[in-house]
Amino acid sequence: TEETRRNYVKQVNEMGEQAKIALRNVRQDANNAIKKDETLTEDLQKGLQEDVQEVINKYNKIVDEKNKE
């Protein structure tokens, strides 16, 4: 029924939001680990943080695409 479909859509959207929250937490943990590593130069830290951001963006895009289906 229409109501059941709407409930499924709501659940999928909530799951997508939870996935994005998890990705943000992973990014934060990774960036904190990079900042704490004193053996890394500033340039290397910045590069690694950019790499982490690229991966997070990739997976955020996947989550968005799956939510649209």
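Biologist: Are helix 1 and helix 2 roughly parallel or roughly antiparallel to each other?
Modeller: In this predicted model, the two helices pack at an angle of about 175 degrees. Angles run from 0 to 180 degrees between N-to-C directions, with axes fitted to C-alpha atoms, for helices over the stretch in contact. Under 35 degrees counts as roughly parallel, over 145 as roughly antiparallel, 65 to 115 as roughly perpendicular, and the rest as oblique. Helix 1 and helix 2 are therefore roughly antiparallel.

Biologist: What kind of model is this, before I read too much into it?
Modeller: Residues are numbered from 1 along each chain as its sequence is written, and side-chain values use heavy atoms, with hydrogens and water left out. Local features need pLDDT of at least 70 and side-chain atom pairs count only at pLDDT 80 or more, while totals for chains, interfaces and linings use all residues, since this is a predicted model.

Biologist: How many helices and strands does the protein have?
Modeller: Both come from DSSP runs, numbered from the N terminus: helices are H or I with at least four residues, strands are E with at least two. Helix 1 covers residues 2–36 and helix 2 covers residues 42–68. The count is 2 helices and 0 strands.

Biologist: What share of the residues counts as buried?
Modeller: Buried means under 20% relative accessible area, exposed over 50%, and partly exposed in between (1.4 Å probe, protein chains only). Of the 69 residues, the buried share is 14%.

Biologist: Is Asn31 buried or exposed?
Modeller: Asn31 lies in helix 1. Leaving aside neighbours within four places in sequence, Asn31 is in contact with Gln49 and Val52. With a relative accessible area of 17%, Asn31 is buried.

Biologist: And which residues does Asn60 touch, not counting those up to four places away in sequence?
Modeller: Asn60 is found in helix 2. Its relative accessible area is 18%, so Asn60 is buried. The residues touched are Lys20 and Leu23.

Biologist: How far apart are the C-alpha atoms of Tyr59 and Arg27?
Modeller: Tyr59 lies in helix 2 and Arg27 in helix 1. Arg27 counts as partly exposed at 24% relative accessibility, and Tyr59 counts as partly exposed at 40%. These two are 32 residues apart along the chain, and their C-alpha atoms are separated by 11 Å.

Biologist: Does Asp43 count as buried or exposed?
Modeller: Asp43 is found in helix 2. The C-alpha atoms of Asp43 and Arg27 are separated by 18 Å. At 66% relative accessibility, Asp43 counts as exposed.

Key: Contact means heavy atoms within 4.5 Å.
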